[in-house]
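Q: Let's zoom in on one part of this model. Please walk me through the strand pairing, along with the turns and packing that go with it.

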Amino acid sequence: MAKLMLHGDLDHPATLSVADLRDWVQHRAAVTFDCATNGPQHHVFEGALLRDVVGDAGPSFDARRRKDRCRFLLAVSGGDGHHAVLSWAELDVDFGDSPVLLATRLDGEDLDETGAQLVVPTDRCGARYVSAVTHVWFGSLSPPNLGLWSVRRSRARSRWT
């Protein structure tokens with residue numbers, strides 16, 4: 001039975017099966033997206049909202065501070081090596097409120113054996129649909145060290161003047 005690891009900056013990381021994902025409220029999404037290799041695809045997915053699953057795992061941000069939530073990312077990996085990145089703000093109800101799913105069913109068929117699928121219903125292209133999800137990493141974006149960048153930029157500028 002396929003499982004996925006939910007890990008990163010979370011109070012309660014977990015290993016979840018498709019059956020475990022059915023413990024969350026299941027949402028339905030009828031989607032059409034363009035596939036680069038197979039053309040337009042039409043499917044019906046059912047599953048848990050990714051924001052609910054991650055939210056229950058205890059993300060390490062201060063939920064009262066909107067700007068704090070904006071610096072968090074999710075990296076989703078599939079069994080075939082495919083990866084997709086989303087921002088927490090895309091999912092957060094105060095921002096994008098996108099109904100991204102960890103699907104447990106595809107066109108009426110259970111995904112218990114093959115694994116959950118990441119579904120981004122608002123995408124026109126299917127590149128962020130990840131099959132057989134193995135990992136969902138949640139973490140913050142560290143700001144770049146601008147001090148060092150500024151010093152290098154100043155040195156480079158002085159060489160050209």
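A: First, a word on accessibility: buried means under 20% relative accessible area, exposed means over 50%, and partly exposed is in between, with a 1.4 Å probe and protein chains only. The model is predicted, so to speak of a local feature we need pLDDT of at least 70, and side-chain atom pairs need 80 or more, while totals for chains, interfaces and linings take in all residues. Numbering starts from 1 along each chain as its sequence is written, and side-chain values use heavy atoms, leaving out hydrogens and water.

The protein chain carries 5 helices and 10 strands (DSSP runs numbered from the N terminus: H or I of at least four residues for helices, E of at least two for strands). Our part is an open sheet of 5 strands, ordered S2-S1-S10-S5-S6, with mixed pairing (strands pair if DSSP finds at least two bridges between them). At the edges stand S2 and S6 (83–87); each has a single partner strand, so one side of each lacks a neighbour in the sheet. On average, neighbouring strands here are turned by 20° against each other, direction ignored (axes are lines fitted to C-alpha atoms, and angles run from 0 to 180 degrees between N-to-C directions).

S1 (residues 3–8) runs antiparallel to S2 (residues 14–17), and 4 bridges join the two. Leu4 has Leu16 of S2 as its bridge partner, and the hairpin linking S1 to S2 passes through 5 residues.

Further across, S5 (residues 72–78) pairs with S10 (residues 133–140) over 7 bridges, in the antiparallel sense.

Now for the packing. The largest nonpolar core holds 39 residues, and those touching the most other members are Leu6, Leu50, Leu74, Leu118 and Val136 (such a core is a set of buried Ala, Val, Leu, Ile, Met, Phe, Trp, Tyr and Cys joined through side-chain atoms within 4.5 Å). Leu50, leaving aside neighbours within four places in sequence, is in contact with residues including Leu74, Leu118 and Val136 (contact means heavy atoms within 4.5 Å). Across the protein chain, 39% of the 161 residues are buried.

While you have the strands up, look at S7 (residues 101–106), where Thr104 is found. Thr104 is buried, at a relative accessible area of 0%, and its side chain makes a polar contact of 2.7 Å with that of Gln26 (a pair of N or O atoms within 3.5 Å; within protein, one must be able to donate a hydrogen and the other to accept it, and residues adjacent in sequence count only if both atoms are side-chain atoms).

Most residues other than glycine have a negative phi. Asp97, in the loop between H4 (88–91) and S7, has a positive phi near 50° and is partly exposed at 36% relative accessible area. Asp107, in the loop between S7 and S8 (109–110), has a positive phi of about 50° and is partly exposed at 40%.
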